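This report goes through one protein chain, part by part. Please keep the structure in view while reading.

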Amino acid sequence: MTEIIQEQADTRSAPPSLNRNTPLVSARNVTKKFGPQFALDRVTLEIFAGQTVGLLGPNGAGKSSMISLLTGLRRPDAGVVELFGRDPLTPAARSALGTTPQATAVPPTLRVNETISLVAAHYPDPVPTAELLEQFGLAAVAGKQCGALSGGQQRRLMVALALVGRPALVVLDEPTTGLDVEARDLLWQQLRDYRASGGTLLITSHYLAEIEALADRIVVIDQGRIIADGTVDEIKSHISLSHVRLRTTVPLDSLTSLESVVSGELSEHGITTLVSDDADNLVRRLVLAKMPFSDLQVNGATLEAAFLALTAKNDPGRPAHDASGTNSNRPVTQEF
Ligand SMILES: Nc1ncnc2c1ncn2[C@@H]1O[C@H](COP(=O)(O)OP(=O)(O)OP(=O)(O)O)[C@@H](O)[C@H]1O
């Protein structure tokens, strides 16, 4: 909390006005080391107004280090970082930034409504406390001391505090960790509303299905380097395999010998799954061969499968348990 209050106490100056072509966030050739360990290795990243960027990477990839540089919590060892065109350590640069660190730390003795009002007081046009409490499902605990909140409630409060000053840019490091399904839904809804109001968002999360639904740009970082950067569809194009599921009496051997089938398996429940590099063509082949089938389902690649394929390719030592996309239909709550 000290971090957040300090961050927002520094925000009295008006948001810097930027040329439309100036990125809100810019890191050029940035390196950050901890002892001999490279957390970031010559990384370049720009984020422009209106983008919703999902920053993805396995544990230890460098996501939090990147965020700490962009939000002015740490300095790079080499390279240049700018926030709203300025040094992120200056109060003027942080005037329109709302952020929460990965770790939750609220002042234990302050009440929830007092905490929001305290942070809101640093902004010229804050979201009214009652409105924010309602939006984040915290109205019922408004009078509680923050230390008495559950972990999930504390996390929601942290994100609410990041949004109280109507920031132009919100940077969130794993905001939904530890939240139950309902609380996560509520939080993602607030972030969608923020985005719809024109806000710019940089977010890390291990819930890839949720990032897939929210982000319009995905940056994948691994071992301190950016290994992919593009739209969700561009990232997903790294996986070209689809799953075709069906019930059929046709023997598996006959199915796997069809054009466009890469592999296949028959489950004990009688469902055949065919991995295909061209699902449309495979379905055409089934029909042309007059093979009887029912309950046909075609599932394309997910962001999760593409992410796993990309990171497995980047580090052949990492278990590539899903690199082929053969497990790409896990529940949306799957966490890495
Ligand atoms: N304060 C620190 N002291 C020493 N090493 C650090 C420190 N912070 C990060 N590192 C190291 O830098 C690398 C990148 O860590 P970072 O926390 O940025 O990764 P991350 O992608 O955010 O991981 P996670 O998903 O687990 O949060 C890791 O090897 C980590 O051990």
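## Two domains

The C-alpha centres of domain 1 and domain 2 are 40 Å apart. The model is a predicted one. In the domain assignment of the chain, domain 1 covers 23-235 and domain 2 covers 239-310.

Where the two domains touch, domain 1 contributes eleven residues and domain 2 contributes six residues. On the domain 1 side, helix 7 (208-214), strand 8 (217-222), strand 9 (225-230) and helix 8 (232-236) each supply at least two residues. Helix 7 gives the largest share of that side, four residues. By type, the side of domain 1 that touches domain 2 has ten nonpolar residues, no polar ones and one charged.

## Nonpolar cores

The largest nonpolar core has 70 residues, and the members that touch the most others are Leu 70, Ala 160 and Ala 306. This core lies between domain 1 and domain 2, because both give residues to it. Another core, of eight residues, lies apart from it; Val 244, Leu 255, Leu 282 and Leu 286 are among them.

Beyond its neighbours within four places in sequence, Leu 70 is in contact with Val 25, Ala 27, Val 81, Leu 83, Pro 88 and Val 171.

## Around the ligand

The residues around the ligand include Phe 34, Gln 37, Ala 39, Asn 59, Lys 63 and Ser 64. Strand 2 (37-47) and helix 2 (63-70) each supply at least two residues of this shell. The largest share, three residues, comes from helix 2.

How does the shell around the ligand divide into nonpolar, polar and charged residues? Three are nonpolar, seven are polar and one is charged.

Notes
Residues are numbered from 1 along each chain as its sequence is written. This is a predicted model: local features need pLDDT of at least 70, side-chain atom pairs count only at pLDDT 80 or more; totals for chains, interfaces and linings use all residues. A residue is near a molecule or strand if its C-beta atom, placed from the backbone, lies within 6 Å of it. Ala, Val, Leu, Ile, Met, Phe, Trp, Tyr, Cys and Pro count as nonpolar, Asp, Glu, Lys and Arg as charged, and the others, Gly among them, as polar. A nonpolar core is a set of buried Ala, Val, Leu, Ile, Met, Phe, Trp, Tyr and Cys residues joined through C-beta atoms within 7 Å. A residue is buried if 20 or more other C-beta atoms lie within 10 Å of its own, exposed if 12 or fewer, and partly exposed in between; C-beta atoms are placed from the backbone. Domain bounds come from an automatic or database domain assignment. Two residues are in contact if their C-beta atoms, placed from the backbone, lie within 7 Å.
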